[in-house]
Amino acid sequence: MAFFNLQDINVSYDKKNNILEGLNLEIEKGELVSLLGPSGCGKTTTLRVVAGFIEPTHGQFILDDTDMT
């Protein structure tokens, strides 16, 4: 299992429109990753989920086999 794992992450601020839908991301320990994309595609929202500032409406964030969701 990956060191950092986002599984089926959904985020909705208004419970109607998903900002993130079905996001999956696996990162192994020591890997360097960059999030690239146009404005409004969910880069900052993804980082806010990882930092714990917002809770996903669905899915799990697992870090080193610990559920951080």
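Which strand is Asn5 found in? Strand 1, residues 4-12. Keep in mind that this is a predicted model.

Let's stay with Asn5. Is Asn5 buried or exposed? Its relative accessibility is 3%, and buried means under 20%, so Asn5 counts as buried.

Next, the core. The largest nonpolar core has 9 residues. They are Phe4, Leu6, Ile9, Val11, Leu20, Ile27, Val49, Ile54 and Phe61. Which strand gives the largest share? Strand 1, with 4 residues.

Now pick out Val49 from that core. Again, set aside neighbours within four places in sequence. Val49 then touches Val11, Ile54, Pro56 and Phe61, all counted as contacts.

Val49 takes us to helix 1, residues 43-51. Three residues are buried there: Thr45, Thr46 and Val49. Why do they sit on the same side of helix 1? Because they cover an arc of only 100° around the axis. Here is the general rule. An α-helix has 3.6 residues a turn, so residues three or four places apart point the same way.

Turn to the other side of helix 1. Thr44 and Leu47 are exposed there. And what do the buried residues of helix 1 pack against? Strand 1, strand 2 and strand 3 (58-63).

One last stop. Just after helix 1 comes Gly52, with a positive phi of about 90°.

How values were computed
Residues numbered from 1 in each chain as written. Predicted model: local features only at pLDDT ≥ 70, side-chain atom pairs only at ≥ 80, totals over all residues. Heavy atoms only, no water. Helix = DSSP H or I, 4+ residues; strand = E, 2+ residues; numbered from the N terminus. Buried < 20%, exposed > 50% of the residue type's maximum accessible area, 1.4 Å probe, protein only. Core = buried A, V, L, I, M, F, W, Y, C linked by side-chain atoms within 4.5 Å. Contact = heavy atoms within 4.5 Å. Arc of directions from axis to C-beta.
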